[in-house]
Amino acid sequence: QVQLVESGGGFVQAGGSLRLSCAASGIIFNIYTMEWYRQTPGKQRELVAAITSGGSTNYADSVKGRFTISRDNAKKMVYLQMNSLKPEDTAVYYCNADILGRSAYSRGYWGQGTQVTVSS
């Protein structure tokens with residue numbers, strides 16, 4: 001059974017930094033694109049950042065220049081370094097990864113989410 005577990009969320013003042021981590025575990029043959037999403041109450045989950053297995057990245061316009069996504073393929077982990085945090089960054093952050101496990105095709109897996117709260 002493949003699992004994704006996020007960590008690193010918390011409470012921070014505006015202008016501060018947090019680093020989120022997401023660890024994949026289970027029977028995994030390959031991990032393709034890894035992504036971070038966020039969601040606030042009453043809103044759709046939105047893509048924050050993505051990184052391919054080759055290291056190509058893309059970001060939502062709202063976080064460009066402030067957030068950095070990275071991954072460690074050997075450790076099966078993805079990270080989100082968040083700097084210059086703003087109150088509007090407050091959300092539950094979710095990790096998503098396209099993983100080839102025991103099935104014939106890869107599929108997307110979600111973590112349970114980690115709360116990030118930024119005070120003004």
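I began with Val5, which counts as partly exposed at 42% relative accessibility. For my own reference, buried means under 20% relative accessible area, exposed means over 50%, and partly exposed is what falls in between, with a 1.4 Å probe and protein chains only. I found Val5 in strand S1, residues 3–7. Strands here are DSSP runs of E with at least two residues, helices are runs of H or I with at least four, and both are numbered from the N terminus.

Before going further I noted the ground rules. The model is predicted, so I kept in mind that local features need pLDDT of at least 70, that side-chain atom pairs count only at pLDDT 80 or more, and that totals for chains, interfaces and linings use all residues. Residues are numbered from 1 along each chain as its sequence is written, and side-chain values use heavy atoms, with hydrogens and water left out.

Which residues does Val5 touch, leaving aside those up to four places away in sequence? I listed Ser21, Cys22, Ala23 and Gln112, a contact being heavy atoms within 4.5 Å.

In general, a disulfide is a covalent bond between the sulfur atoms of two cysteines. The working cut-off is a pair of cysteine sulfur atoms within 2.5 Å. I found one disulfide in the structure, and it joins Cys22 to Cys95 with an S to S distance of 2.2 Å. Cys22 sits in strand S3 (residues 18–25) and Cys95 in strand S9 (residues 91–100), so the bond ties together parts that are 73 residues apart in sequence. Is the disulfide left-handed or right-handed? The torsion about the S-S bond is about -80°, so it is left-handed. Cys22 is buried, at 0% relative accessibility, and Cys95 is buried at 0% as well.

Ser84 is not a glycine either, and its phi is about 50°. I placed Ser84 in the loop between S8 and S9, where it is partly exposed at 41%.

Then I stepped back to the whole chain. How many helices and strands does the protein have? I counted zero helices and eleven strands. The radius of gyration, taken over C-alpha atoms, is 14 Å, close to the 14 Å that the globule rule gives for 120 residues, so the protein is as compact as a globular protein of that length. That rule is 2.2 Å times the number of residues to the power 0.38. The C-alpha trace spans about 45 × 25 × 25 Å along its principal axes.

Of the 120 residues, 41% count as buried. Among contacts with a separation of 6 or more, 55% come from residues 24 or more positions apart.
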